[in-house]
Amino acid sequence: MHAAPAPSDAPLPSAKAQPLPEVLARLDRLTDWEKRPRGGMRVGLAPMRDLLVRLGAPQSRLRVVHVGGTKGKGSVGALIEAGLRRAGLRTGRYASPHVESITERVCLDGRLVAEAVLARALSRALDAHEAARRDDGPGGDATWFDVLTAAALLVFGEAGLDWAVIEVGLGGRLDSTNAVDGEVAVITNIGLEHTEILGHTRAAIAAEKAGILKAGAALVTTLAPGDEAGAVAAARAAALGCPVLRPVLAPDASIAEENAALAGLVLDRLGARGVRGPGGIPVGAALLDGATRAAARLSGRLERRTVSTAAGPVPVVLDGAHVPFNLAAVLRDLARAGDLPGPCCALVAMAGDKDAAGFLAVLAGSAGAIVCTEMPERRGHAAEALRRLATDAGTAAAAVASPEAALARAADLAAARGGWLLVTGSLHLVGALRGATQAEAHDRGRSP
């Protein structure tokens, strides 16, 4: 739907040049908790901090906005970055997961990092990891995400940025990204996810996510003080002497309106603290005009596409919603748009640590048919298990293990019903299938 950012070619010195695929092969030998059951996940910052010391503490050269929360953090981070760039400031943004290419995780000045730049940084971070293993340092226990995060901070630290917007990977307090000190911490919202790591209540999860807040920073959040999660976040802020800033939102605010309000409040806070662009351009919410918001939209978030079938093209919405409250908001916003023809059919895959029963119960209220699939090499619910849950929720459902075959089945169902298709439950599923869809006719030539 939007033009792919041109790769940034900012130089990164040192490290022998290797093609990115070769470096990724080294990286992939490390433990990747995005692909494994997380019940035994190692959490802790010691390996990350050791890597950064060995790399010259690149994070110490950064001014940071740190963005956490259950949903919306990627979009909010992209909006904050776009607003800062609109003011003329040099920016970096680190996000996860990626949809199609790992370079999506590291952006410089709104452009995907060049493969050569990322490869060089990853090589240096991997060298630091291997040195730590040799001398029995904490960095020897670094994970795939630790090393990638260290590489991103290395890119940013050597690029001469004005600001870096860093998205939390999982939780907050013990996440790899919490080696940075943010001047603003964002908690978009709190839902039940990753409960085996973060806790089984929203209050427990809030305590983990609020761990990104540091003394001297401000907390920006939608969480109300009377909410169980909001009370925990507010208590953390009070203990650190940090102000809590909450946007004023209509009760029926859309996802886009909520994200823009959070990002605008962050920009207002930075402007109030004296942040200016070249020539004294003030930083604030006013920077988020229509063009800036459009430029910040991400793949796989309420993204409109089409898919070909024998009966003709079928409208597709790609959205990586994976928790019930966010899916409900997605369905609400799509219903309000009122421009999708006929009934909804859905294609779903979900990670094993997600509330599949709750998710499918919400989906069953809108989808007349659901095709359940799974993602090879990803920890997740089996397609047949999802089918049983969807059937229990009262919706016709089928199980097709192959995502590509499942897409064909779901698209044919949507075509036969004169409807449209929602691909959801996981950004990994969206990434696996996005290439099999096409940009809408009016967006062709502008889609990444």
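This is a predicted model: local features need pLDDT of at least 70, side-chain atom pairs count only at pLDDT 80 or more; totals for chains, interfaces and linings use all residues.
Strands here are DSSP runs of at least two residues, E in DSSP terms, numbered from the N terminus. With that settled, I went to the loop between β2 (91–94) and β3 (106–108), where Pro97 is found. I checked the peptide bond from Ser96 to Pro97: it is cis, with omega near -10°. Most peptide bonds are trans.

**Confidence**

The protein averages 91, and 90% of the residues score at least 70. Over residues 1–15 the pLDDT is below 50, though that stretch still has 49 contacts in the model beyond near neighbours in sequence. Residues 444–448 are also below 50, with 17 such contacts.

**Positive phi**

Most residues other than glycine have a negative phi, so I looked for exceptions. Ala57 has a positive phi of about 55°. I placed Ala57 in the loop between α2 (46–54) and β1 (64–68). Is Ala57 buried or partly exposed? Partly exposed, at a relative accessible area of 24%; the cut-off for buried is under 20%. Asp109 also has a positive phi, about 50°, and lies in the loop between β3 and β4 (111–112).

**α3 against α9**

Next I took helix α3 (residues 73–86) and helix α9 (residues 255–272), whose axes are 9 Å apart at an angle of about 45°. That makes α3 and α9 oblique to each other, and their crossing is right-handed. From α3 I noted Ser75, Val76, Leu79, Ile80, Gly83 and Leu84; they meet Asn259, Ala260, Leu262, Ala263, Val266, Leu267 and Leu270 of α9.

**α7 against α8**

Helix α7 (residues 202–209) packs on helix α8 (residues 228–240) at about 30°, axes 8 Å apart. Angles under 35 degrees count as roughly parallel, so I logged α7 and α8 that way. I have α7 passing α8 in a right-handed crossing. Arg202, Ala203, Ala206 and Ala207 of α7 make the contact with Glu228, Ala229 and Val232 of α8. The class count is 5 nonpolar, no polar and 2 charged residues.

**α12**

Last stop: helix α12 (residues 356–364), where I found Ala356, Gly358, Phe359, Leu360, Leu363 and Ala364 buried. What do the buried residues of α12 pack against? I listed α11 (324–337), β11 (344–348), β12 (367–372), α13 (383–392) and β14 (420–424).

Technical notes: Residues are numbered from 1 along each chain as its sequence is written. Side-chain values use heavy atoms; hydrogens and water are left out. Axes are lines fitted to C-alpha atoms, for helices over the stretch in contact, and angles run from 0 to 180 degrees between N-to-C directions. Helices (H or I, at least four residues) and strands (E, at least two) are DSSP runs, numbered from the N terminus. Angles under 35 degrees count as roughly parallel, over 145 as roughly antiparallel, 65 to 115 as roughly perpendicular and the rest as oblique. A crossing is left-handed if the near helix is turned anticlockwise from the far one by less than a right angle, and right-handed if clockwise. Contact means heavy atoms within 4.5 Å. Ala, Val, Leu, Ile, Met, Phe, Trp, Tyr, Cys and Pro count as nonpolar, Asp, Glu, Lys and Arg as charged, and the others, Gly among them, as polar. pLDDT is the predictor's confidence in each residue, from 0 to 100. Buried means under 20% relative accessible area, exposed over 50%, partly exposed in between (1.4 Å probe, protein chains only).
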